[in-house]
Amino acid sequence: MQEMPQATPQHAELLKGVGEWKGTLTMYMPGASDEGTPCSETVTAIGEFWTSSNFECDLMGMPFVGTGVTG
């Protein structure tokens, strides 16, 4: 059986993003207000090699939810 690979320094950098984040999302579109809207993202670790993220905000008057996986 093949041995499990070891996490690299790049994996350690990826894990620095784990946590609860709050910010402001600003879109620049012709004819639209460039006023920012509050947003939040929760990033969780999936072991040593991957992270999962959930992003939420109110985008142009409608709830927006995005997800992502990075590894």
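This report describes the strand sheet, the cysteines and a surface patch of a predicted model.

**The sheet**

Four strands form an open sheet, ordered β1-β2-β3-β4, with antiparallel pairing. The edges are held by β1 (19–25) and β4, each of which has a single partner strand, so one side of each is left without a neighbour in the sheet. Ignoring direction, neighbouring strands of this sheet are turned by 20° against each other on average. Within the sheet, β2 (residues 37–46) pairs with β3 in the antiparallel sense, and the pairing runs over eight bridges.

**The cysteines**

C39 stands opposite C57, a residue of β3. C39 is in no disulfide, and the nearest cysteine sulfur, that of C57, is 6.1 Å away. A disulfide requires two cysteine sulfur atoms within 2.5 Å, so the sulfur of C57, at 6.1 Å from the closest cysteine sulfur, in C39, is too far for a bond. C39 is buried, and C57 counts as buried too.

**The surface patch**

M27, M29 and M60 make a nonpolar surface patch of about 300 Å². M60 lies in the loop between β3 (50–59) and β4 (62–70). M60 counts as exposed because its relative accessibility is 64%, and the cut-off for exposed is over 50%.

| Residue | Relative accessibility | Class |
|---|---|---|
| C39 | 14% | buried |
| C57 | 10% | buried |
| M60 | 64% | exposed |

Technical notes:
Residues numbered from 1 in each chain as written. Predicted model: local features only at pLDDT ≥ 70, side-chain atom pairs only at ≥ 80, totals over all residues. Heavy atoms only, no water. Patch = residues over 30% accessible without salt bridge, like charges linked within 9 Å, V, L, I, M, F, W, Y side chains within 5 Å. Areas by Shrake-Rupley, 256 points an atom, 1.4 Å probe, with all protein chains shown as cover. Salt bridge = Lys/Arg side-chain N within 4 Å of Asp/Glu carboxyl O. Helix = DSSP H or I, 4+ residues; strand = E, 2+ residues; numbered from the N terminus. Buried < 20%, exposed > 50% of the residue type's maximum accessible area, 1.4 Å probe, protein only. Pairing = 2+ DSSP bridges. Axes fitted to C-alpha atoms, helices over the stretch in contact; angles between N-to-C directions.
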